[in-house]
Amino acid sequence: MTTQAHRPLAVAIMGPTASGKTAAALAIAARIPSEIISVDSALVYRGMDIGTAKPTRAERAAAPHHLIDIIDPLDAYSVAQFRNDTLRLVDDIVGRGKLPLLVGGTMLYFKGLADGLDELPGADPALRAELEDEAARHGWPAMHQRLAALDPVTAARLAPNDAQRIQRALEICALSGKPMSELLALREKTELPFELLSFALEPSDRAVLHERIARRFDIMLDEGNDDNLIREVEVLRRRGDLHPGLPSMRCVGYRQAWEYLDGEIDYKTMRETGIIATRQLAKRQLTWLRSMPQRGVIDCLGSDPAATMLAQIAAHGR
């Protein structure tokens with residue numbers, strides 16, 4: 001699909017966890033020939049299907065999906081890799097005469113795609129080791145408090161236990177002498193080679209979204225099902241090369257299941273902390289969305305969010 005400005009059109013479907021992004025994307029794909037690009041930092045990992053709510057085989061058969069199951073949980077996937085992969089994929093999908101649908105809740109990926117990559121200091125292994133030593137002594141929540149004093153804008157977007165991103169933000173402050181948020185604000189915005197029509201599925205009643213989150217987490221934990229989150233994490237642990245410090249194992253749900261299997265918490269606590277962590281993730285996602293003024297907000301609790309999107313896509317192409 002091409003817009004009047006002769007730039008091809010891509011559609012972004014953003015939203016917090018459990019907001020119905022996959023269902024909306026598949027409903028659109030049923031009406032408009034489309035391919036789906038996952039914008040999710042957890043779906044990239046192979047062998048992590050249940051805790052990430054990865055689209056089912058049937059859903060993936062209904063429309064081609066990309067950037068799912070592309071790396072091992074031992075490895076990392078950066079915003080730069082995502083941006084490069086997505087630019088290539090959009091071009092390929094448009095070349096096949098289909099509509100690219102960018103679907104997910106990793107707002108940092110959406111921001112990196114739309115705004116371009118950052119001119120930030122590179123990694124400093126010695127400084128990172130120093131920060132890790134401090135975190136081992138004082139805990140990541142204390143490091144988060146330090147970041148809040150240096151860069152409150154960035155700290156507000158990060159969870160107190162988001163070790164990887166807290167460490168990176170503190171590293172940038174130390175190396176550049178400036179907050180990461182200030183450096184990001186200074187960068188030049190790059191124009192995408194396609195037009196991005198962005199929709200945000202946001203709840204009119206956050207309590208209902210919280211109920212959805214709890215219900216979905218309980219389905220993941222279903223002990224009557226051989227394929228549940230605990231068994232999935234048991235399989236990952238048996239590999240012997242994974243550990244809780246990896247970005248993959250810090251994903252919501254996996255961290256709590258790992259602690260439970262280590263005997264650090266009981267089953268009830270694991271369930272409660274998993275649901276709380278998922279709700280906190282949704283809150284951070286909504287905070288990110290509010291900073292994206294170009295989005296079209298659609299109530300994810302409405303009767304047919306996909307129909308609203310389809311009407312706006314059709315109007316956009318006129």
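**Close-up views of a predicted model**

View 1. Residues are numbered from 1 along each chain as its sequence is written, and side-chain values use heavy atoms, with hydrogens and water left out. H4 itself covers residues 107–115, and Met107, Tyr109, Phe110, Gly112, Leu113 and Asp115 are its buried residues. (Buried means under 20% relative accessible area, exposed over 50%, partly exposed in between, with a 1.4 Å probe and protein chains only.) Those buried residues pack against strand S1 (9–14), helix H3 (79–95), strand S4 (99–104) and helix H13 (267–290). Helices (H or I, at least four residues) and strands (E, at least two) are DSSP runs, numbered from the N terminus.

**View 2. Lys21 and the annotated binding site.** An unreviewed UniProt entry carries a "binding site" annotation on Thr17, Ala18, Ser19, Gly20, Lys21 and Thr22. UniProt positions are given in the numbering used here, feature names are shortened, and annotations may be inferred rather than shown by experiment. Lys21 sits in helix H1 (residues 21–31). It counts as buried because its relative accessibility is 12%. Skip the neighbours within four places in sequence, and Lys21 is in contact (heavy atoms within 4.5 Å) with Ile13, Met14, Gly15, Pro16, Val103, Gly104, Gly105 and Leu201.

**View 3. Ala53, a loop residue with a positive phi.** Most residues other than glycine have a negative phi. Ala53 is not a glycine, yet its phi is positive, about 55 degrees. Look for Ala53 in the loop between strand S2 (34–38) and helix H2 (57–62). With 30% relative accessibility, Ala53 counts as partly exposed.

**View 4. Leu67, another positive phi.** Leu67 is not a glycine either, and its phi is positive at about 60 degrees. Its place is in the loop between strand S3 (65–66) and H3. Leu67 counts as buried, since its relative accessibility is 7%.

**View 5. Stepping back to the chain.** There are 14 helices and 6 strands in the chain. Of its 318 residues, 47% count as buried. The C-alpha atoms fill a box of roughly 60 × 55 × 35 Å, taken along the principal axes. Among contacts with a separation of 6 or more, 75% come from residues 24 or more positions apart.

Methods:
This is a predicted model: local features need pLDDT of at least 70, side-chain atom pairs count only at pLDDT 80 or more; totals for chains, interfaces and linings use all residues.
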